[in-house]
Each structure stands twice: as C-alpha cells, then as structure tokens.
2 protein chains.
Amino acid sequence: MENKASRGEKTRQRILDAAEELFAEKDYSAARLEDVALAVGIKRASIVYYFAGKQELYEAVEQRIFSAMMAHTRRAERPDAPAMDQLLALLDGWLDFLVGRPTAARILLRISANSYSDSSAPVRNSFVALGAWEDIIRRGQASGEFPPASPAHLLHLLGAGTIYYTATGQLLGEERNYDPADSGQLEAFRNLMHRSARSLLSSP
Amino acid sequence: MENKASRGEKTRQRILDAAEELFAEKDYSAARLEDVALAVGIKRASIVYYFAGKQELYEAVEQRIFSAMMAHTRRAERPDAPAMDQLLALLDGWLDFLVGRPTAARILLRISANSYSDSSAPVRNSFVALGAWEDIIRRGQASGEFPPASPAHLLHLLGAGTIYYTATGQLLGEERNYDPADSGQLEAFRNLMHRSARSLLSSP
C-alpha cells in the first residue's frame, strides 16, 4: 500500500515536471505558480507546501536538470580512454540528453542570457558541467594530446551547438524547421560536431 | 538650429538605446516601460508617443539590431571571392558586431529561447541573417567547394559560438570570466572559429 511519504514524493515530482515545461516555454518573470498548479491539478497553496516560492521551485528545476545531465554523462565516462574519446563521449552525452529532454535545452539558453552573481544557484549548478568539460580538456592538454586553447572558447564552439541544435529546431521558420530527435538529423549533426571537435583539438 | 523633427528623432534613438540595454538585461516580461522612461529621463507617456506599447518598442529594438548587424556584415561582403572567404567574412562580421554590441548578443540568446509563430516579427527579422548564411552555404555547395551539410546544423556549430563567446564571457564564474573585447581573447576565439569552419566545410 502506498504510504503518505511516497504520495508526497510523487506530487513533488509532478510539480517539478510541470514547472520544467513552464520555465522552458516562458521566461522566468512570466511563469506563474498558478500555471504550475493548474497543470498538476492541485491548488497553488499545495505547491507552496513543497516549494516556498517561485524562486525555490525554479532552483529545484534547474538543479534537477543538471543532476540528470551529469548522471546521464557519467554513464558514458571512459576514464582510461584517450582524451579525445572522453571529449566526444561527453559531447554525445550532452547531445543525447538534450534531445531526450528539450525543455532542458531551452532552460539552458535562458540561463545563458541571464547574469547572476558568482554565488548564485545557476552558476553553481552549471559549474558541475563546466568542471567536467574543463577536466577533460586540461588533462588532454597536460598530456600533449590536445593543443593549448581556452576551454571556454572550445565550449562555445562545441557545447553551445548541442543546445542550439536541440532548442531551436522548430524556431527557424516553416521551411527550415526540423525534428531534433529525427535519427537522420541527429546523426548528421553529431558527425559535424565530432568533425569540429577533432579539428579544434588536433595538434597542428 | 535644431528643428522639432530632429529633436524628436534624437529622443526616439535614446529610447531605443535604453530599451536595448533593458531587454538585454531582463527578460521581456520583467522589462517595464517605466524603467526605460527613467533611464532616458522622460515620462512614461512620452515613450508611448513614439511606441504604442512594450511589444512595439521591443520589436523596434530587435529590428534595429538586425538592421545594424546586416549593415555591418554587408560592408565585409566579397561576392566574387571563394565561398569559404565569404563565409569567414560573414562570421567575422557577426563576431565583431556582437563584440561591439554585447546587448545584441544577449537579446539574440533570448530570441533563441522563445518560440514564435512563423509569421511573427522575431522570426521575420532573423530570416535576413539566416538567408545571408544559407546563400553562401548553398552557393558553395552548388559549385562543389563545400560538401553537403545542413546550413542550420553548420549555423549551430559556428554562428551560435559567436553569440555565446560574446554574451557569456562574464557568466562563467569568477575564475573563468573573460572580457570578450580583449584582443587576445578575441583573436584566439576567431582562430578557433575559422579552424572549425574550414574543417566542417572542406570536402572529405
């Protein structure tokens, strides 16, 4: 028999699911707790029982996205492989994660547009992903496998592409729109991303 | 002596300048006409004399950004050059434009996160930039200089980088932040971007 605690946890997850949809679709200021409540089919007051307010709910959504993204990429980790294989595995992990969860891609775009002080939650959350990226680049550079280059610059040219590929496939206008989850599209994009990574990180 | 019409045009430009700062800094829903009025030092009612409402002001800001970006890149056009030179000139033009106008880079990120119906203003504005990009890719592919690849995919891996390089240099956390206008940073990033473009568009 289901107990009270697990019913509560289920409601909490349903609130987070609905909030993730909403924060992806609308900017933070336009998103309302009432809309989350409506989508879940509960009262606004019931949300406040789980999350003190919109900011707390937003932060929980964002933290859940980064946790899931890290868990997804951790499964693909290959610590003994050459740095290039590790880098491609990380990029593939991000790409596949975002394709499977397009709400996350749009929220990442919104995070990228907003400035936060260094101590705020969004920066702290994204640090985990940035750290995993930098670790691989730095180790590859230390061993001489990768040439010197700024990990941030490399991220702009490789990681940003995974976000744009996933988040904007339906925003380019009728004749240009594509389905990011279509396997032909996805493998063609992955192939280009790998080609760019190999060229940016091959020693000259 | 300055006449009434040119004074009016100056006020209109000052409103657009202040609005561009505001729409870059805050999401659309949080931006208020009152804040624009305060920044310009006029009354809210005076803004409404020039722009009927927030949506009209926002659209004028966005249109001005795309016009300026196109004017900037048009100066660098080299219609008789090989497609690769044209493509690099366009990317360089975008990069230099955004570095000189970081508000535009952040607004482009926000546009990318928001869905619009095909007939709405943002999609129509961005069509001009997308069209210039596609023209070069398609002509390069038609002549055999470029291999087949989706112009949209290529844009995600090259154009998105110029936006991220410019808009997020101060959002990566204290130890990672950089000044996108610093010439060492800018030339290092440009070099990587060119390397990626050459590798993505060289025939195998």
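Does A:Thr11 count as buried or exposed, and what is its relative accessibility?

1. This model is predicted. A:Thr11 has a relative accessibility of 16%. The cut-off for buried is under 20%, so A:Thr11 counts as buried.

2. A:Thr11 sits in helix H1 (residues 4-25) of chain A. Leaving aside neighbours within four places in sequence, A:Thr11 contacts A:Ile42 and A:Tyr50.

3. A record covers this stretch of chain A. UniProt, in an unreviewed entry, places the feature "domain: HTH tetR-type" at residues 9-69 of chain A. In the model, that span is 79% helix and 0% strand. The end C-alpha atoms of the span are 21 Å apart.

4. Next, helix H4 (residues 54-74) of chain A. This helix has 21 residues and, at 1.5 Å a residue, should span 30 Å. The end C-alpha atoms of H4(A) lie 30 Å apart, which agrees. Buried residues of H4(A) include A:Leu57, A:Tyr58, A:Val61, A:Ile65, A:Phe66, A:Met69 and A:Met70. A:Glu62, A:Arg64 and A:Thr73 are also among the buried residues.

5. Now chain B. The axes of helix H1 (residues 4-25) of chain B and helix H4 (residues 54-74) of chain B come within 9 Å. They cross at roughly 90 degrees. H1(B) and H4(B) are therefore roughly perpendicular to each other.

6. Which residues make the contact of H1(B) with H4(B)? From H1(B) come B:Gln13, B:Ile15, B:Leu16, B:Asp17, B:Ala19, B:Glu20 and B:Phe23. They meet B:Lys54, B:Leu57, B:Tyr58, B:Ala60, B:Val61, B:Arg64 and B:Ile65 in H4(B). The contact residues divide into 9 nonpolar, 1 polar and 4 charged.

Definitions and conventions: Residues are numbered from 1 along each chain as its sequence is written. Chains are lettered from A and ligands numbered from 1 in the order in which they are written. This is a predicted model: local features need pLDDT of at least 70, side-chain atom pairs count only at pLDDT 80 or more; totals for chains, interfaces and linings use all residues. Side-chain values use heavy atoms; hydrogens and water are left out. Axes are lines fitted to C-alpha atoms, for helices over the stretch in contact, and angles run from 0 to 180 degrees between N-to-C directions. Helices (H or I, at least four residues) and strands (E, at least two) are DSSP runs, numbered from the N terminus. Angles under 35 degrees count as roughly parallel, over 145 as roughly antiparallel, 65 to 115 as roughly perpendicular and the rest as oblique. Contact means heavy atoms within 4.5 Å. Ala, Val, Leu, Ile, Met, Phe, Trp, Tyr, Cys and Pro count as nonpolar, Asp, Glu, Lys and Arg as charged, and the others, Gly among them, as polar. The expected span of a helix is 1.5 Å times one less than its number of residues. Buried means under 20% relative accessible area, exposed over 50%, partly exposed in between (1.4 Å probe, protein chains only). UniProt positions are given in the numbering used here, feature names are shortened, and annotations may be inferred rather than shown by experiment.
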